[in-house]
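Hi everyone, thanks for making time this morning. I'd like to walk you through some charged pairs and then the nonpolar packing, so let me put the model up.

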Amino acid sequence: ALIKSNPSNIAVCAVFNNEEVGSTSANRADSQFLVDTLNRIADALSFDIYQALASSFIISADNAHAVHPNHPEKSDSTNMVYMNKGVVVKHQASLRYTTDALSEAIFKKICNLIDVPYQDYTNRSDMRGGSTLGAISQSHLSIPSVDIGLAQLAMHSIYETCGVKDIEYMVKVLNKFYDIKLKKNNNKIEIL
């Protein structure tokens with residue numbers, strides 16, 4: 001999506017190393033790596049990093065647990081997501097997913113602009129869920145963020161499975177995201 005896009009602003013795609021074994025090393029999400037990189041970009045291009053961050057937005061893209069046909073009871077009965085039914089917007093009351101009302105509205109508006117379907121996910125309230133690199137990154141950068149993913153089976157196994165249509169939806173929405181510009185106007189955010 002980043003390669004296919006034609007951004008009018010500075011688009012960044014951060015991919016961190018070794019996250020499956022932890023996020024605390026020199027180049028992982030729970031480090032100064034992203035902050036330092038953004039500061040270096042700002043210095044090289046001679047712009048105010050604080051103004052840039054104030055008009056920035058993070059999409060934390062990973063995967064999401066689809067309803068498993070062998071264990072449908074593991075899914076929240078009111079928030080079931082399925083493969084090939086659209087990009088998943090992930091929610092969690094404890095904010096281990098970064099999605100809030102503002103970031104959800106922005107992301108869903110982008111999806112609606114290009115007819116990309118989306119689904120909403122939350123863990124069952126009686127089962128502890130994981131976290132994302134978005135939440136870790138957001139602890140270093142105060143930028144609005146939405147956690148999204150592709151519905152998949154067998155997360156963290158050697159054979160994770162997701163839907164082909166969902167990959168196409170993800171590329172399409174991320175391509176659009178890289179091409180838009182968000183503008184804050186009073187208490188309203190416009191997508192340009």
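Let's begin at K108, which forms a salt bridge with D120, with 3.0 Å between the closest N and O atoms. By salt bridge I mean a side-chain nitrogen of Lys or Arg within 4 Å of a carboxyl oxygen of Asp or Glu. This pair links distant parts of the chain, twelve residues apart: K108 sits in helix α3 and D120 in strand β3, residues 118-122. Helices (H or I, at least four residues) and strands (E, at least two) are DSSP runs, numbered from the N terminus.

A quick word on what you are looking at: this is a predicted model, where local features need pLDDT of at least 70, side-chain atom pairs count only at pLDDT 80 or more, and totals for chains, interfaces and linings use all residues. Residues are numbered from 1 along each chain as its sequence is written, and side-chain values use heavy atoms, leaving out hydrogens and water.

Back to K108: is this lysine buried or exposed? K108 counts as buried, at 12% relative accessibility, while D120 is partly exposed at 25%. The cut-offs for relative accessible area are under 20% for buried, over 50% for exposed and in between for partly exposed, with a 1.4 Å probe and protein chains only.

K108 has another partner, E104, with a salt bridge at 2.6 Å, N to O. Those two are four residues apart in helix α3, so about one helical turn separates them. Together, E104, K108 and D120 are linked in a network of salt bridges.

How many salt bridges are there by this rule? The count is three, and one of them joins D126 and R124, whose closest N and O atoms are 2.6 Å apart. Here D126 is exposed at 57%, and R124 is partly exposed at 22%.

Now for the nonpolar side. A nonpolar core here is a set of buried Ala, Val, Leu, Ile, Met, Phe, Trp, Tyr and Cys residues joined through side-chain atoms within 4.5 Å. The largest one has 21 residues, and I59, F107, I148 and V173 touch the most other members. Two or more residues each come from β2 (87-91), α3 (101-113), β4 (145-153) and α5 (164-179), with α5 giving the largest share, five residues. Apart from this core lies another, of ten residues, including V35, A42, L141 and I143.

Finally, please find I148. Beyond its neighbours within four places in sequence, I148 is in contact (heavy atoms within 4.5 Å) with residues including I59, V88, F107, M170 and L174.
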